[in-house]
Amino acid sequence: MISSAGFWVESCLIILRDDPFVEKRCDMKCRRVQKKLSAYQDRELKPQEQEEVSRHLLTCRSCREEYEKLDRVWLTLGELEEISPSPWFYPQLARRFKEPRKRGLLPALEHIFQIIGAPAIASIILVIGLAVGTYLGSSLARRDLSPSQTNPVSDSQSAFFASMSVFDPAPPGTFAEGYLRMASYGEKGPR
Amino acid sequence: MDKQLPNEELMGRIAKGDECAFQILVERHQVSLLNMIYRFLGDRTKSQDLAQEVFLRVWQGARDYSPTAKFATWLYRIAANLCLNELKSSRRKRWLQFFHAYTEKQTVGEEDFPNGSPSPEDSLLARERRRQITTALQSLPENQRMALILKRYDDLTYEEIARILSCSVSAVESLLVRAKKNLQEKLNIL
């Protein structure tokens, strides 16, 4: 009884599915159904919704075409072949789990490097370089203050000279000044 | 030992150091796990290494395993995390290579595909077709790709995928909608 009723419903739907009037009425539903097509394909809708979409697909050509596209994607993905594990898969694995876990400084450093990454390490190197350069520059400049040490000047005079030094292309105490001094040592030799 | 033992039972034995139970578990899941990783990374050698790494974690973490969820979900979760880490670290390696003015072209090579098609012409066409599919799959964003692989090849439910990817069921649904739409465009299914 149920199966014959089902047969009649199915037959009517097949007759109606290409009817333009039926398709017009479907337009209202289409947007809602098309949102559900992916879940319908994955059989993730509730049974009632699943049934509703099935019925709609029988009567609506545009939704049916959309569904067919999804189906083709699914079939195309099925063309990818399966790979098999190599014959040494388990023996290699057994060797790996039997060997003691790596401990020590090197794996720990590797781990730290993986976490913080190369950009962070580059920044640290840059900061260290700047600090060393500044220290080097200031210590070389201090060494060069020997004439002022032999002819002592008053505090106000030294403050004035110090303030004027900002107009130098390489003010004392900077990395640039240190670099220029080092370059001049190369030419003249150390004093 | 009975090879039909359920995963949870095997895990209990592995926690006590039973290697035989571990071998049964590996043999049961190695093909699906290896293929899931391979489809995600597109590199055969790396997939073998990573699949071994996943099983190694299972061996090491067997004592902490509690059978609250399906074993496969737990296994795939480990695999998904390792795959995402692998992608991150390979991106970092690429950055370093760029830094050293050394470039390495990372393509899906033909050697990555298994041989065995009947005629040379068919084989060539099939290879080209598989290359296109793999390239399209690889071009998807990581989460979309992972969700699609778990649904298409492992037939997991949205709920299981959500647990693996640590997101909501509705997020999985929208990931899959977008992944399918992207693949339609990339594979010219219009």
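Let's start with one residue. Arg43(A) is exposed because it has 10 C-beta neighbours inside 10 Å. The cut-offs: buried takes 20 or more other C-beta atoms within 10 Å of a residue's own, exposed takes 12 or fewer, and partly exposed is in between, with C-beta atoms placed from the backbone.

Before going on, the ground rules. This is a predicted model, where local features need pLDDT of at least 70, side-chain atom pairs count only at pLDDT 80 or more, and totals for chains, interfaces and linings use all residues. Residues are numbered from 1 along each chain as its sequence is written, while chains are lettered from A and ligands numbered from 1 in the order in which they are written.

Back to Arg43(A). Its phi is positive, about 55 degrees, and it is not a glycine. Most residues other than glycine have a negative phi. Where does Arg43(A) lie? In the loop between helix H2 (20–41) and helix H3 (47–59) of chain A. Helices here are DSSP runs of H or I with at least four residues, strands are runs of E with at least two, and both are numbered from the N terminus.

Chain B has a case of its own. Ser166(B) has a positive phi near 55 degrees, and it is a residue other than glycine. It is found in the loop between helix H7 (158–165) and helix H8 (169–186) of chain B. Is Ser166(B) buried or exposed? Exposed, because 10 other C-beta atoms lie within 10 Å.

Now chain A overall. It has nine helices and zero strands. Of its 191 residues, 10% count as buried. Look at contacts in chain A with a separation of 6 or more: residues 24 or more positions apart account for 67% of them. A contact means two C-beta atoms, placed from the backbone, within 7 Å.

Next, confidence. The complex gets an ipTM of 0.79 and a pTM of 0.66 from the predictor. Chain B has a mean pLDDT of 86, and 84% of its residues reach 70 or more. pLDDT is the predictor's confidence in each residue, from 0 to 100. In chain B, confidence is highest in helix H6 (residues 142–152), at 96, and lowest in helix H4 (residues 71–99), at a mean of 82. Over residues 102–111 of chain B, pLDDT stays under 50. For that stretch the model has ten contacts beyond four places in sequence.

Now one helix pair inside chain B. Helix H2 (residues 19–41) and helix H3 (residues 44–61) of chain B pack at about 140 degrees, axes 9 Å apart. That angle makes H2(B) oblique to H3(B). On terms: axes are lines fitted to C-alpha atoms, for helices over the stretch in contact, and angles run from 0 to 180 degrees between N-to-C directions. Under 35 degrees is roughly parallel, over 145 roughly antiparallel, 65 to 115 roughly perpendicular, and the rest oblique.

H2(B) passes H3(B) in a right-handed crossing. Right-handed means the near helix is turned clockwise from the far one by less than a right angle, and left-handed means anticlockwise. Which residues meet? From H2(B), they include Phe22(B), Leu34(B) and Tyr38(B). From H3(B), they include Leu50(B), Val54(B) and Trp59(B). The contact of H2(B) with H3(B) divides into twelve nonpolar, three polar and two charged residues. Nonpolar covers Ala, Val, Leu, Ile, Met, Phe, Trp, Tyr, Cys and Pro; charged covers Asp, Glu, Lys and Arg; the others, Gly among them, are polar.

On to the interface. Chain A gives 28 residues to the contact and chain B gives 36. On chain A, H2, helix H4 (61–77), helix H5 (89–98) and helix H6 (105–143) each supply at least two. H4(A) has the largest share of that side, seven residues. The chain A side holds 13 nonpolar, seven polar and eight charged residues.

Take H4(A) first. H4(A) and H8(B) pack at about 80 degrees, with axes 10 Å apart. They are therefore roughly perpendicular to each other. Lys69(A), Leu70(A) and Val73(A) of H4(A) make the contact with Lys180(B), Leu183(B) and Gln184(B) of H8(B). By class, that is three nonpolar, one polar and two charged residues.

Then H5(A). Its axis and that of H3(B) come within 10 Å and cross at roughly 50 degrees. H5(A) and H3(B) are therefore oblique to each other. The residues in this contact include Phe89(A) and Phe97(A) of H5(A), plus Phe55(B) and Trp59(B) of H3(B). They divide, over the whole contact of H5(A) with H3(B), into six nonpolar, three polar and one charged.
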